[in-house]
Amino acid sequence: RGRATAELARGLSNQNARIGDDEKPAPDPFTELGDPRPAFADEAKRLSAAAKEYRKAKEGTSGAVSGLATLGLAGILYDQGKYAEAKTAYEEVKRSELAERDRDAKARAIEGIGLSLAALDQIEPPLRAFPQLETLDIPGMSALGQYHQARLHLKQNQRDKAKELLKKANDKLSKSDKKEEQGPMARPSGFLAAQVRELLTSLDPTAVPPPGIEGIT
């Protein structure tokens, strides 16, 4: 288990590695801190190295460590354009012991399944997958599921359906920001909120009030 954990850590390190010259950059002149990340010549080598470590960790143990390694591998497979393999890996995570214990891992697996199906140019299956995010008690997840559904409806030129979902997502994110939800299950919603507002504004410029005047009549 210790060896698998180390392999999992190396997989994550490789996934976040630098691209370019193997020589480490000079330390920051103000903090004197250097960049400890490994470096790879190109994106393909970075992803390949990360996948190798994740596979070793996945196959070398069971339980939560194996589930985390499978989740990491699924993300790498998606980035490599291997969407069918990514979908299979995400489905494995969704069925895993990790997903039973960790709602965030389950949510990431569900989102990954939907994104993989969408990348395979399927519409109806991901439209069945993304609503599952709305059933999880995790701040922001319901809005994330609605955002993904809206994007798929737009691909089908179903603008009214997309607009309705984006309005719901925007309302939820606005209320969540006002409540300033905290705790271990809280998720940062700033990026998602910006994406939702941008897409909603593109459909209907009047649907989103300018920042700072929500609630003013």
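Analyst: Start with a cut-off: a residue counts as buried when its relative accessible area is under 20%. Keep in mind that this is a predicted model. Here, buried residues account for 40% of the chain's 217 residues.

User: What is the accessible surface of the chain, and how much belongs to carbon and sulfur atoms?

Analyst: The chain's accessible surface is about 12,500 Å², with 50% belonging to carbon and sulfur atoms.

User: How many helices and strands does the chain have?

Analyst: There are 10 helices and two strands. Going along the sequence, the order reads α-β-β-α-α-α-α-α-α-α-α-α. As for contacts, take those between residues at least 6 apart in sequence: 53% of them join residues at least 24 apart.

User: Let's zoom in on one helix. How do I read H3, and is it mostly covered or uncovered?

Analyst: First, the general idea: an α-helix has 3.6 residues a turn, so residues three or four places apart point the same way. Now the case: H3 spans residues 63-79 and reaches 25 Å from first C-alpha to last, close to the expected 24 Å. H3 is mostly covered, with 12 of its 17 residues buried. Among them are Val-65, Ala-69, Leu-73 and Leu-77, along with Gly-67 and Gly-75.

User: What covers the buried residues of H3?

Analyst: The cover includes H1 (2-15) and H2 (43-60), plus H4 (83-94), H5 (97-101) and H6 (103-119).

User: And which residue with a positive phi follows H3?

Analyst: That's Gly-81, with a phi near 80°.

Methods. Residues numbered from 1 in each chain as written. Predicted model: local features only at pLDDT ≥ 70, side-chain atom pairs only at ≥ 80, totals over all residues. Heavy atoms only, no water. Helix = DSSP H or I, 4+ residues; strand = E, 2+ residues; numbered from the N terminus. Buried < 20%, exposed > 50% of the residue type's maximum accessible area, 1.4 Å probe, protein only. Contact = heavy atoms within 4.5 Å. Areas by Shrake-Rupley, 256 points an atom, 1.4 Å probe, with all protein chains shown as cover. Expected span 1.5 Å × (residues − 1).
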